[in-house]
Amino acid sequence: TSQKGSKTKCIKQCVALLILVKFTFIRSHDSPYFSVMQNNLSETKDHLCSIGNPPKWKEQLSYKKNTLIKEFYKIWQKHPERGQNKWGGGFFLYFGLYIVIESLKPSTIIESGANKGIGTWFLRQAAGNDTKLVVVSPERPSVYVDTIKSEYLVAENFTDFGNIQWNHIIQQPASTLVFFDDHQAHLKRMEQANLHGIKHLVFDDGVPPGYGDNLSCKKMCSEDIWDFLEAPSFVYQDNFNTVQRNITPEEFKKYNHRFRELTKIYCDIPPIWNGPPRISTVETFLSISDKAVFDQTDIKQMGLSEDTMRGKSMDKEALNYQFPNYVELK
């Protein structure tokens, strides 16, 4: 009798477990990306390329991320563009810049490509008043112009970053940070910065093969990602895609070799929270993207809700992620 009772109890427990598993499976599909994003936060990044040791800012992010995002959130709530920053950065990009600047504490920040000036405002908030800002952009920003400690090479005074004699403008190139949001080929900008002894670079628009309008670091770092994304051929892109041509595998290897020759550290600035990707499928995104810093639930528990995302849901903010990356030159 005791054995029969034990078997009956076991059967009941198994049935209950199956019902729980089925319910969990159904719930996980309420959102198209929920199950993948929730259960793969420690997944192997088979096609994520990086170079060198993790930078200091990334180490700091691992143990003080809650403090950093709360500090940044206070800044975010005050930014001058109360609507959506069309064609400009969002929460993910500006938080990434904030953590890099907070760690590096650069003496000068150069911004190549300023759009309305919203990025300039965030650079100033992150750096404080003692850091010099140099803004290089074809048009004068329409929303924010810095007046604290800055120099503007814009409008009629505009000169492309690569044609500026930086030794006349910056005194400490090794402690200078350049933020490139100008849709130029990343290797070209790396060569130009290297000529002037500038070491620290952040690039926006670091998207993978098949996306974007420039040859990004992510495209140059490894041949593997081109195969993984089934790109039909290697492509050189520059200047908002006005320069575009197919290149041979041999040419790609030369770009890859030079990229690695110049680079001490290269890594993505990770997405801040998980959400629907703007490229391909969730599974593909997880294979080529760094791990999200937070889960959306974590953000909401800290009181950083969708209501204050400047008119965007958390999912829409995630869709704006453009694979920004950090490079330290040798």
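Helices (H or I, at least four residues) and strands (E, at least two) are DSSP runs, numbered from the N terminus. By this definition the protein chain has 12 helices and 9 strands. The model is predicted: local features need pLDDT of at least 70, side-chain atom pairs count only at pLDDT 80 or more, and totals for chains, interfaces and linings use all residues. Residues are numbered from 1 along each chain as its sequence is written.

**Burial in the chain**

- Of the 330 residues of the protein chain, 52% are buried, where buried means under 20% relative accessible area, exposed over 50% and partly exposed in between (1.4 Å probe, protein chains only).

**Packing of helices H4 and H5**

- Helix H4 (residues 91-104) packs against helix H5 (residues 118-127) at an angle of about 30°, and their axes are 9 Å apart; axes are lines fitted to C-alpha atoms, for helices over the stretch in contact, and angles run from 0 to 180 degrees between N-to-C directions.
- H4 is therefore roughly parallel to H5, a term for angles under 35 degrees.
- The contact (heavy atoms within 4.5 Å) involves Tyr94, Leu97, Tyr98 and Ile101 of H4, together with residues of H5 including Phe122 and Leu123.

**Residues with positive phi**

- Asp205 is not a glycine, yet its phi is positive, at about 55°.
- Asp205 lies in the loop between strand E5 (200-203) and helix H7 (217-221), and is buried, with a relative accessible area of 7%.
- Phe240, also a residue other than glycine, has a positive phi near 60°.
- Phe240 lies in the loop between strand E6 (234-238) and strand E7 (243-247), and is partly exposed, with a relative accessible area of 47%.

Notes. Heavy atoms only, no water. Parallel < 35°, antiparallel > 145°, perpendicular 65-115°, else oblique.
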